[in-house]
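Hello,

Here is the structure we talked about. My notes on it follow below.

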Amino acid sequence: MNISELYKFKKTVYSFEVFPPKKAGSVETVYNTLYGLRNMPVDYISVTYGAGGSEQQRQKTCEIASLIKKEYGIEPISHLTCVGSTKEDIKEILSELKKAGIQNILALRGDMPAEGPTVMAFPHASDLAAFIRDTDPFFNVAGACYPECHVDAANLEEDIENLKKKVDAGVTHLTTQLFFDNEIFYTFREKVEKAGITVPISAGIMPIVKKSQVERTVAMCGASIPPKFARLISKYSESPEALNAAGLSYCVDQITDLVANDVRGVHLYTMNNVDIAKHVTEATESLFKSVNKL
Ligand code: FAD
């Protein structure tokens with residue numbers, strides 16, 4: 001199924017993200033995760049892709065996406081990065097994905113390696129999106145966006161101009177980098193609309209449930225921590241159980257506010273943790289049912 005169709009008949013779409021384990025031979029851990037997620041009311045599940053990944057890694061993404069579709073009947077999106085790939089590499093991956101029946105691709109550039117990429121066949125995700133569109137109309141292409149500006153862009157205005165190029169290249173919906181401050185997302189949404197970008201945007205939300213996660217997440221994606229959230233982290237940082245409860249509650253509040261403010265989608269970064277996904281899903285299911293009139 002082409003996922004862009006979902007946004008046509010649902011007011012707010014709900015999705016998960018999972019990742020293939022980094023260690024070779026531990027792919028069963030994600031299979032256990034998917035087994036745990038299988039009956040949750042989710043519209044699609046996306047599977048990440050290691051930028052500049054080995055043959056083995058890329059097969060894992062395709063294998064997991066295929067399992068989501070065939071075993072659990074849930075529509076998958078396979079992430080695909082292009083940094084360091086040739087056109088032939090991408091053609092080969094597209095053919096593997098098509099063979100596995102995977103129609104939806106999140107087209108990404110991927111992070112630049114410190115020493116710079118060896119191959120620059122696709123300088124930006126927009127080049128990959130256009131290439132997929134022109135290679136085979138079977139595929140539906142999605143893209144990423146950054147409410148707090150991508151780290152390589154001079155400013156948000158420039159980043160949004162570049163985002164428009166990605167949408168013009170055929171991207172049918174966008175998923176945001178994770179954020180903790182909904183006001184930042186609402187301002188971004190307004191600016192994006194003013195720039196003439198009309199495709200649906202799903203909000204990427206990550207529940208923070210451990211102290212170690214806070215610094216790692218902020219360093220990785222530069223998300224700002226609003227004072228309300230900072231207070232929770234500092235208050236409960238020495239009590240794992242309390243921090244887990246406070247983090248989940250903050251995440252549910254964030255989603256509640258987003259749905260009330262007509263967000264087109266909520267994309268939950270599950271971190272392959274079934275208990276967290278279950279808690280957040282059960283706490284918010286009625287909101288999605290209500291706005292989608294199910
Ligand atoms: P781009 O859209 O190419 O943007 C990168 C920079 O180039 C930006 O500064 C942008 O303003 C600029 N730019 C974009 N297009 C143009 C243009 N046409 N002309 C000039 N400048 C331009 N990484 C992984 O390795 N694997 C994953 O599975 C993965 N999944 C992700 C999922 C989501 C939802 C998000 C938000 C990120 C994900 N990432 C993943 C991280 C992502 O690969 C990095 O953030 C990467 O640095 C940028 O990728 P992009 O596709 O957003 O790049």
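**Aromatic rings**

Phenylalanine 179 and phenylalanine 185 are both buried, where buried means under 20% relative accessible area, exposed means over 50% and partly exposed is in between, with a 1.4 Å probe and protein chains only. Before the rest, note that this is a predicted model, in which local features need pLDDT of at least 70 and side-chain atom pairs count only at pLDDT 80 or more, while totals for chains, interfaces and linings use all residues. Residues are numbered from 1 along each chain as its sequence is written, and side-chain values use heavy atoms, with hydrogens and water left out.

There are eight aromatic pairs in the structure. Rings of Phe, Tyr and Trp (its six-membered ring) pair if their centres lie within 6.5 Å; planes under 30 degrees apart count as stacked, over 60 as edge-to-face and the rest as tilted. One of the pairs is tyrosine 14 with phenylalanine 16, which is edge-to-face, with 5.4 Å from centre to centre and 75 degrees between the planes. Tyrosine 14 and phenylalanine 16 are buried. The pair of phenylalanine 179 and phenylalanine 185 is stacked, because the ring centres are 5.2 Å apart and the planes are at 5 degrees. Ring pairs also join Tyr14, Phe16 and Phe288 into a cluster.

A charge sits over one further ring: arginine 38 lies over the face of tyrosine 35, at 3.6 Å from the ring centre. The criterion is NZ of Lys or CZ of Arg within 6 Å of the ring centre and within 35 degrees of the ring normal.

**Salt bridges**

The whole structure has 13 salt bridges, each being a side-chain nitrogen of Lys or Arg within 4 Å of a carboxyl oxygen of Asp or Glu. Three of them are described here.

Aspartate 262 and lysine 11 meet through their side chains at 2.8 Å, N to O. This pair links distant parts of the chain, 251 residues apart: aspartate 262 is in the loop between helix 10 (240–260) and strand 8 (265–269), and lysine 11 is in the loop between helix 1 (3–9) and strand 1 (13–18). Helices (H or I, at least four residues) and strands (E, at least two) are DSSP runs, numbered from the N terminus. Aspartate 262 is partly exposed, at 45% relative accessibility, and lysine 11 is partly exposed at 40%.

Glutamate 75 forms a salt bridge with lysine 69 (3.1 Å, N to O). Glutamate 75 is buried, with a relative accessible area of 10%, whereas lysine 69 is partly exposed at 25%.

In the salt bridge of lysine 164 and aspartate 168, the closest N and O atoms are 3.2 Å apart. The two residues are separated by about one helical turn, because they are four residues apart in helix 6 (residues 156–168). Lysine 164 is partly exposed, at 27% relative accessibility.

**The ligand**

The ligand is surrounded by 25 residues, and the closest are Tyr49, Asp111, Tyr146, Asp159 and Lys166.

- Lysine 166: 2.8 Å from an oxygen atom of the ligand.
- Histidine 79: 2.9 Å from an oxygen atom of the ligand.
- Serine 126: 3.1 Å from a nitrogen atom of the ligand.

The protein covers 87% of the 970 Å² of accessible area that the ligand has on its own; areas come from the Shrake-Rupley method with a 1.4 Å probe, and for residues only the protein chains shown count as cover. Strand 3 (75–81), strand 4 (104–108), helix 5 (125–135) and helix 6 are the elements that give two or more residues to the shell. Helix 6 gives the most, with four residues.

**Loop residues**

Arginine 109 is in the loop between strand 4 and helix 5 and is buried, at 16% relative accessible area. The side chain of arginine 109 makes a polar contact with the side chain of aspartate 152 at 2.8 Å. A polar contact is a pair of N or O atoms within 3.5 Å; within protein, one must be able to donate a hydrogen and the other to accept it, and residues adjacent in sequence count only if both atoms are side-chain atoms.

Methionine 271 is in the loop between strand 8 and helix 11 (274–291), and its phi is near 55 degrees, a positive value in a residue other than glycine. Asparagine 272 is in the loop between strand 8 and helix 11, with a positive phi near 60 degrees. Methionine 271 is partly exposed, at 24% relative accessible area, whereas asparagine 272 is buried, at 16%.

Regards

Notes
A residue is near a molecule or strand if one of its heavy atoms lies within 4 Å of it.
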